[in-house]
Amino acid sequence: MAYHFENIKLEKGMYGRSGRSFSQALEELDPSEHYRGTPLEGLDAFQRQLKRFDIHVKGAGSDMVEKFFHTSDSAVLFPEFVSRVVRQGMEEESILPAITATVTKFDGMDYRSIASVPSEEDKKLRRVEEGARIPETTVRTQENLVHLYKRGRMLVASYEAIRFQRLDLFSVTLRQIGAYIGRMHLEDAIGVLRSGDGNQNAAQQYTIGTKPITGTKGTLTYDALLEFWSQFDPYTMNTMLVGSDVMLAMLKLDEFQNPLTGLNFQGTGTLTTPLGAKLLRTSAMPAGILIGLDRNYALEQICGSEITVEYDKLIDRQLERAAITSISGFAKLFTEASKVLVV
């Protein structure tokens, strides 16, 4: 049985179309809905092209890199393969989805977010009597732009050095590149949570030993955590970001050493806190700092582009210096939904 995807002409220009990725351009030429009820159902347009050229990218039987370059058509698929594997590396173990309330796609480098800043009187839940004024929530655009940053990594290798490498092995290197890019985006997110996005919305900072947080500076106690947690009303501190040092200090607290918490941590690697907040450890956090946030209201991620590769170089086997980049930025949604505790 002949399929339409076997006759599609692949060309470099499919990567340069404004507002559309290579996968989207390929999907327009070869819609997946046409394959319902066939053995190819469940594959997207790119995966069908891999099948067309009999390129195996996973497992012990994966092909070598040079398999992509047996024809000029199959070579066009190589940049998309690279970007997909790098994206996989970005998403593996990423905690960004756990700290962002929403993701916005934006075609540009400067973005203006919205803000809602109710007064203390407007925050109160009051009964509205007949004819009385209804409390207002004003939504406005932020005064200053949120800047998006290009983060990336340079792939430095000759085609001769990688042509006989198995694709499965080559993918390990690409996933590491993705993990590195993801780490840089996470550092940007943490910076915005702490210092704001340029619109005078830095997180309020508390220090142990300074009112309203009791205790001795430099010593983390469960009482200090409770007092920090209590500062979030009307929001809920449902997420905590910590580094290894603060994580270790928490694990030593008696309240974190009950059998159920320890069993869950040893079995899943996830620490359930007595406060009910999800505890996320990352090396991107500065030492001695804890960020608490309501992940439903604190942070917006703006994606200027997904993974972008220099497709011309990859298709033409000029890999000596090929940039792999991603553009992203972050905006504070509600300033009071994130706060900082200095141990």
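Colleague: Where do helix H1 and helix H2 stand relative to each other, and at what angle do their axes cross?

Modeller: In this predicted model, the axes of H1 (residues 22–29) and H2 (residues 45–52) come within 8 Å and cross at roughly 75°.

Colleague: Why is H1 called roughly perpendicular to H2?

Modeller: Angles of 65 to 115 degrees count as roughly perpendicular. The crossing angle is roughly 75°, so H1 is roughly perpendicular to H2.

Colleague: Which residues make the contact of H1 with H2?

Modeller: From H1 come Phe22, Leu26 and Glu27, and they meet Ala45, Phe46, Arg48 and Gln49 in H2. By class, this contact has 4 nonpolar, 1 polar and 2 charged residues.

Colleague: What makes Ile307 a buried residue?

Modeller: Buried means under 20% relative accessible area. Ile307 has 12%, so Ile307 is buried.

Colleague: Where is Ile307, and which residues does Ile307 touch?

Modeller: Ile307 lies in strand S11, residues 299–309. Leaving aside residues up to four places away in sequence, Ile307 touches Ser83, Val86, Arg87, Met90, Ile324, Thr325 and Ser326.

Colleague: How many residues separate Ile307 and Val82 in sequence, and what is their C-alpha to C-alpha distance?

Modeller: They are 225 residues apart in sequence and 9.2 Å apart in space, C-alpha to C-alpha. For the protein as a whole, take the contacts between residues at least 6 apart in sequence: 77% of them join residues at least 24 apart.

Colleague: What is the strand order in the open sheet of 5 strands?

Modeller: The order is S7-S13-S10-S8-S9, and the pairing is mixed.

Colleague: What makes S7 and S9 edge strands?

Modeller: Strand S7 (204–207) and strand S9 (278–281) each have a single partner strand, so one side of each is left without a neighbour in the sheet. From one strand to the next, the twist averages 25°.

Colleague: How do you know that S8 is paired with S10 and with S9?

Modeller: Two strands pair if there are at least two bridges between them. Strand S8 (residues 239–242) is joined to strand S10 (residues 289–293) by 4 bridges, and the two run antiparallel. S8 is also joined to S9 by 4 bridges, and these two run parallel.

Colleague: Which residues stand opposite each other in these pairings?

Modeller: Towards S10, Val242 stands opposite Leu290 and Thr239 stands opposite Leu293. Towards S9, Met240 stands opposite Leu279.

Colleague: Which way do the residues of S8 point, and are they buried or exposed?

Modeller: Thr239 and Leu241 point one way from S8, Met240 and Val242 the other way, and all are buried.

Colleague: How many helices and strands are in the protein, and what share of residues counts as buried?

Modeller: The protein has 12 helices and 13 strands. Of its 343 residues, 44% count as buried. The protein exposes about 18,300 Å², and carbon and sulfur atoms supply 50% of that area.

How values were computed: Residues numbered from 1 in each chain as written. Predicted model: local features only at pLDDT ≥ 70, side-chain atom pairs only at ≥ 80, totals over all residues. Heavy atoms only, no water. Axes fitted to C-alpha atoms, helices over the stretch in contact; angles between N-to-C directions. Parallel < 35°, antiparallel > 145°, perpendicular 65-115°, else oblique. Contact = heavy atoms within 4.5 Å. Nonpolar A, V, L, I, M, F, W, Y, C, P; charged D, E, K, R; others polar. Buried < 20%, exposed > 50% of the residue type's maximum accessible area, 1.4 Å probe, protein only. Areas by Shrake-Rupley, 256 points an atom, 1.4 Å probe, with all protein chains shown as cover.
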